[in-house]
Amino acid sequence: MSSTQPPPEIPSANPIDPVEHDYFTLNPAPASLQKHTSLARDFITTHASAGRRVVLVTSGGTTVPLERQTVRFIDNFSAGTRGATSAEYFLEAGYAVIFLYREFSLLPYSRHYSHATNCFLDFLHEGPNGSVLAREEYTEKMLAVLRKYQAAKRDNLLLTIPFVTINDYLFILRSIAQLMRPLGPSGLLYLAAAVSDFFVPNERMVEHKIQSTDASPNIRPQGAEDRQDQGQQDDEAFDNFDSSPLIPRSKRLVIDLDPVPKFLKNLVDGWAPEGMIVSFKLETDPEILVSKARYSLERYQHHLVIGNLLVTRKWEVVFVARSEEGEGIREEWIRVPRRRKTLSKIDIEVDREGGREDGGEKGKERPLD
Ligand code: PMT
């Protein structure tokens, strides 16, 4: 999806922010940006004029390429379950959904089958006269899912837009958020994608596959050539931050990543300032989850942070928002029973009343696990 073409001129709602300006000037826009922006514009216009609420759901993990002609990249764990499942419930709640997702991650509706433990073909069997049918034990559920999927398609309620890299994601996120700005609070941005925190900036990215015999020179920062003599000496040297000093630098891949700017701030302040913005906070350490989610809400001043822990994310989340009385920040844990293969599962993404009705537990306690 990425290309090296120069970025198109997109007016920034916050043109004086130098970090935003630099990022979107120095890194190339994806080749598909104009096509996807145009699809999103038509979709938003259609649904806004029908008085329908529109939600942008981001989903899945962004990649960080190490080479322009990408052989190797850094990825993360996200399968897109949160985003794809949430998209289904937004559709059920009457929203038109723009689903910005990592290519080949889970999609609304097909998620029930595409990445299931069974191979997709295990759901089928051969019928009479060379036909293909769903196996009887799956038919009821498959029919229900199929009907919902077809209704969403028929009414043009679901627009899917893929991304692969962090750069693809940021360019299209900015474009769509800016398109949603006129919707005001009836435009919801629900940012469930797992967004990379570090990347290789375009000016430091090598064109070709990093060679294993010459790893460090390929990914040295620009200007490193000037220090080639020194570099050659270093190659056989063992610098004092080496963790395995028996291996010379020339044989190692030393990756130098820059922080990805936190564009959530630009999104809230400039791209869609009147929109309803829900971000997610992922942590692995239960001790810091709530404080990090609170910090995020205070820092970015948006509407809701949904905190989750990597290992319990399918069963419990914490909502962190300003209290309705405007007195400080409150947090609320939402839980559903932990899934067992033999029990019917309840998606934690179901609307909260539904979650509780089906056994979801509401409380302010710490995570159970
Ligand atoms: O897909 P699943 O397997 O179902 O997993 C779902 C999930 C755990 C990925 C999801 O529930 C989730 O937590 N998504 C957010 C993950 C994430 O990026 O967390 P973070 O703590 O790194 O970032 C917090 C927020 O800052 C996010 O809203 C992100 O959009 C934003 N961010 C992050 C990095 C960055 N450079 N700029 C940002 O604005």
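Predicted model: local features only at pLDDT ≥ 70, side-chain atom pairs only at ≥ 80, totals over all residues.
Biologist: What makes strand E12 and strand E13 a pair?

Modeller: Strand E12, residues 304–309, and strand E13, residues 316–322, are joined over 3 bridges in the antiparallel sense, and since at least two bridges are needed, the two strands therefore pair. Within this pairing, Val305 stands opposite Val320 in E13, and the two strands form a hairpin with 6 residues between them.

Biologist: Turning to the helices, why is H2 called roughly parallel to H6, rather than roughly antiparallel?

Modeller: Helix H2, residues 33–49, and helix H6, residues 166–180, pack at an angle of about 25 degrees, with their axes 10 Å apart. Because angles under 35 degrees count as roughly parallel, H2 is roughly parallel to H6.

Biologist: Is the crossing of H2 and H6 left-handed or right-handed, and which residues meet there?

Modeller: The crossing of H2 and H6 is right-handed, and the residues of H2 that meet H6 include Leu33, His36 and Ile44, while Phe171, Ile172 and Met180 are among those in H6. By class, this contact has 8 nonpolar, 3 polar and 1 charged residues.

Biologist: Which residues come nearest to the ligand?

Modeller: Of the 20 residues around the ligand, Thr81, Val260, Leu264, Ser279 and Phe280 come nearest. Helix H3, residues 81–92, and strand E11, residues 276–283, are the elements that give two or more residues to this shell, with E11 supplying the largest share, 4 residues. The shell divides into 10 nonpolar, 5 polar and 5 charged residues.

Note on methods: Residues numbered from 1 in each chain as written. Axes fitted to C-alpha atoms, helices over the stretch in contact; angles between N-to-C directions. Parallel < 35°, antiparallel > 145°, perpendicular 65-115°, else oblique. Left-handed = near helix turned anticlockwise from the far one by under 90°. Contact = placed C-beta atoms within 7 Å. Nonpolar A, V, L, I, M, F, W, Y, C, P; charged D, E, K, R; others polar. Near = placed C-beta within 6 Å.
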